[in-house]
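We will go stop by stop.

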Amino acid sequence: MAVDRERVSALVRELLLAIGEDPDRPGLRATPQRVAEAYSEFFAGVGEDAAAPLAHTISVSRGPAPDTLPSGAVMLRDIRFRSICEHHLLPFAGRAHVAYLPGEQVVGLGALPRVIDILAARPQVQERLGEQIADTIAGSLDTRGVLVILDAVHECVTMRGGRQPAASTVTIAARGGFAEPSARAEVIALLTGGGA
């Protein structure tokens, strides 16, 4: 579903009037259209299938070492993401770290950031976003476990309320073989830079 830019523009004009501003003054004249363009990008994931990037998998057992199956985790860390918090429509941004225990099929590593981009491009809360990423990967790939760690700074914390500019929020979503904290401790250390 595409963002209705005309409607967003009209609503932003109304918002400017509601806060006591003049939407026709030179500095604000194009603001409604600029916000509509930005929202088209920010919310491009609404209605998009987050599992689509995971549709093309790669067989591990069909290749130069057909008897080899992965025994450990595939990890991709420091995936930058940004989203809009559904509570105040303010941005939050940070890094995602993803690990999965593959079965016979793996996915191209570029697909994982695309899943995150799609799910983050919706009105979100960080706790749900991590769970949705984990569910999408676990439900679309032949995995024995999935772990998603999100570390983000929320402008609703840094700019309003408690105004804590250095505070970040960390969430963990785990499935399958990573569901038990002891099973994921080593992977968390590797994903967050605590081991190598």
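Buried means under 20% relative accessible area, exposed means over 50%, and partly exposed lies in between, with a 1.4 Å probe and protein chains only. This is a predicted model, where local features need pLDDT of at least 70 and side-chain atom pairs count only at pLDDT 80 or more, while totals for chains, interfaces and linings use all residues. Residues are numbered from 1 along each chain as its sequence is written, and side-chain values use heavy atoms, with hydrogens and water left out.

**Whole chain**

Show the cartoon. The protein chain has six helices and seven strands. Helices (H or I, at least four residues) and strands (E, at least two) are DSSP runs, numbered from the N terminus. Along the sequence the pattern reads α-α-β-β-β-β-α-β-α-β-α-β-α. The C-alpha atoms fill a box of roughly 70 × 35 × 20 Å along the principal axes. Of the 196 residues, 36% are buried. Contact here means heavy atoms within 4.5 Å. Among contacts with a separation of 6 or more, 69% join residues 24 or more positions apart.

**Select H3, residues 111-120**

Is this helix enclosed or open? Seven of the ten residues of H3 are buried, so H3 is largely enclosed by the rest of the structure. Color these buried ones: Ala 111, Leu 112, Val 115, Ile 116, Ile 118, Leu 119 and Ala 120. Their cover includes helix H2 (31-42), E2, E3, E4, strand E5 (123-124) and H4.

The axes of H3 and H4 come within 10 Å and cross at roughly 135 degrees. That makes H3 oblique to H4. Axes are lines fitted to C-alpha atoms, for helices over the stretch in contact, and angles run from 0 to 180 degrees between N-to-C directions. Angles under 35 degrees count as roughly parallel, over 145 as roughly antiparallel, 65 to 115 as roughly perpendicular, and the rest as oblique.

Show side chains at the contact. H3 brings Leu 112, Val 115, Ile 116, Leu 119 and Ala 120, and H4 brings Leu 129, Gln 132, Ile 133, Thr 136 and Ile 137. By class that is eight nonpolar, two polar and no charged residues. Ala, Val, Leu, Ile, Met, Phe, Trp, Tyr, Cys and Pro count as nonpolar, Asp, Glu, Lys and Arg as charged, and the others, Gly among them, as polar.

Stay on H4 and pick Gly 130. Gly 130 counts as buried because its relative accessibility is 4%. Beyond its neighbours within four places in sequence, Gly 130 contacts Val 148, Leu 150 and Ala 173. Gly 130 and Ala 173 are 43 residues apart in sequence, yet 5.7 Å apart C-alpha to C-alpha.

A nonpolar core is a set of buried Ala, Val, Leu, Ile, Met, Phe, Trp, Tyr and Cys residues joined through side-chain atoms within 4.5 Å. Which members of the largest core touch the most others? Of its 28 residues, they are Leu 54, Phe 81, Tyr 100, Leu 129, Ile 133, Ile 137 and Val 148. E2 (74-85), E3 (91-102), E4 (105-107), H3, H4 and E6 (143-154) each supply at least two residues of this core. H3 gives the largest share, seven residues. A second, separate core of eight residues includes Leu 101, Leu 147, Phe 178 and Val 187.

Zoom to Tyr 100. Past its neighbours within four places, its contacts include Val 106, Leu 112, Ile 137, Val 146 and Phe 178.

**Move to H1 and H2**

H1 and H2 pack at about 130 degrees, with axes 8 Å apart. H1 is therefore oblique to H2. Their crossing is right-handed. Contact residues include Arg 5, Val 8 and Val 12 of H1, and Val 35, Glu 37 and Tyr 39 of H2. This contact has seven nonpolar, four polar and three charged residues.

Pick Leu 17 in H1 (residues 5-18). At 42% relative accessibility, Leu 17 counts as partly exposed. Its C-alpha is separated by 37 Å from that of Gln 132.

Select Asp 78 in strand E2. Its phi is near 60 degrees, positive in a residue other than glycine. Asp 78 is partly exposed, at 40% relative accessibility. Then go to Leu 89, in the loop between E2 and E3. Leu 89 has a positive phi of about 55 degrees, although it is not a glycine. Leu 89 is partly exposed too, with a relative accessible area of 43%.

Terms used. Left-handed = near helix turned anticlockwise from the far one by under 90°.
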